[in-house]
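Me: I have a model on my screen and I am new to this. Can you show me how to read it, feature by feature?

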Amino acid sequence: MTSANQPGTLTDAQGVLDARELPSPEFSALWEAVLVPRDLKDRLISQAILNFTLRGRLDRATVPLHGVILLVGPPGTGKTSLARGLASRTAESVESERPFRYIEVEPHALASAALGRSQQAVRQLLGSVIAEQAAAAPLIVVLDEVETLAADRTKLSMETNPIDVHRATDAVLAQLDHLAARYPNLLFIATSNFPDAIDEAFLSRADSIEVVPLPDDDGCRRILADTVLALAALYPEVAGILDDPVFDEACRQCRGMDGRRIRKVLVSACTQDKHVAIAPGKLTAAHLLAAVRALRHSAG
Ligand SMILES: Nc1ncnc2c1ncn2[C@@H]1O[C@H](COP(=O)(O)OP(=O)(O)O)[C@@H](O)[C@H]1O
Ligand SMILES: [Mg+2]
């Protein structure tokens, strides 16, 4: 038995950030924590399920399904969380004799070292580690910040080592195609903050490309309220904040901010005043508003 078949050693393989069995309660909680329009989540889950119900039974030449879902959008909008959550939710939804497995690739680890060596690392990861896992059981692979791995060859051609860049990205694309063709029970979920930096050949292989947007007005309110309710679980008196018109204004001022930053407002608000830090139950909507303004200011 090779080391790749032993879960304990899988994460030691170069470029593997995480390996686990699905579903994962931790990942399912991430899916719930990211507040995006319901139809976006519905489309994602349907596309992921379809991969496992249909892909292996269709002729690729007639209905091309490559087994790649791509999430793009500004940083901090929940793409990584959604990718992990989607993996877990899909495993919950699809019946399988053998439990789903999960691998998360760390593209920076693969791409950062000398590219000549990374080409070999890519081949090892995709060709051996992932192939062995995909042969054994349904497998979902998250390729986070995939632009690092599938770098646009034309944009990188000015780099010092253009030939190695070509080789490395070629190796990724060839392996992805090979894996998808060979293992229908394999799904790649890729994320990117910079879709313009992704190779056109990779984009064309994505079965669906979903844009994860900045939260709209309702989204801003739901995220900020979610953080207040978390504090209210410890200090029930802060729940009243949600009915304060100043809270409405704080939500309005969140417009244009990403979800990660909005989640930071509450902690930042608790540090506006030492008395609140000592007794967080004293938090008011005015503290939240001041914190939003300060965060906006620091964002430039
Ligand atoms: N729309 C959202 N709703 C709720 N929380 C969000 C949202 N977007 C981002 N977050 C929070 O921000 C943090 C970072 O999200 P992450 O998935 O790393 O974003 P990305 O990968 O797009 O940069 C997470 O804690 C996540 O819960
Ligand atoms: Mg991310």
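Me: Which residues come nearest to ligand 1?

Reply: Keep in mind that this is a predicted model. Start with the residues around the ligand. Ligand 1 has 16 residues around it, and Leu 35, Gly 76, Lys 79, Thr 80 and Ser 81 come nearest.

Me: How do the residues of the shell around ligand 1 divide into nonpolar, polar and charged?

Reply: Sort them by type. Seven are nonpolar, six are polar and three are charged.

Me: Which helices each supply at least two residues of the shell?

Reply: Helix 4 (79-93) does, and so does helix 12 (259-270).

Me: Why does ligand 1 lie between domain 1 and domain 2?

Reply: Check who contributes to the shell. Domain 1 (3-211) and domain 2 (217-299) both give residues to it, so ligand 1 lies between them.

Me: How much of ligand 1 does the protein bury?

Reply: Compare with the ligand alone. Taken alone it exposes 560 Å², and the protein buries 85% of that. The space it takes is the largest pocket.

Me: Which peptide bond is cis, with omega near -5 degrees?

Reply: Most peptide bonds are trans, and most residues other than glycine have a negative phi. The bond from Leu 22 to Pro 23 is cis. Pro 23 is in the loop between strand 1 (16-21) and helix 2 (25-33).

Me: Where is Glu 145?

Reply: Glu 145 sits in the loop between strand 4 (139-143) and helix 7 (153-156). Its phi is positive, about 50 degrees, although Glu 145 is not a glycine.

Notes: Residues numbered from 1 in each chain as written. Chains lettered and ligands numbered in written order. Predicted model: local features only at pLDDT ≥ 70, side-chain atom pairs only at ≥ 80, totals over all residues. Heavy atoms only, no water. Near = heavy atom within 4 Å. Areas by Shrake-Rupley, 256 points an atom, 1.4 Å probe, with all protein chains shown as cover. 1 Å grid on protein atoms, 1.4 Å probe; cavity = no way out; pocket = protein on both sides within 12 Å on 5 of 7 lines; lining within 4 Å. Sits in = over half its atoms within 2 Å of the grid points. Helix = DSSP H or I, 4+ residues; strand = E, 2+ residues; numbered from the N terminus. Nonpolar A, V, L, I, M, F, W, Y, C, P; charged D, E, K, R; others polar. Domains from an automatic or database assignment.
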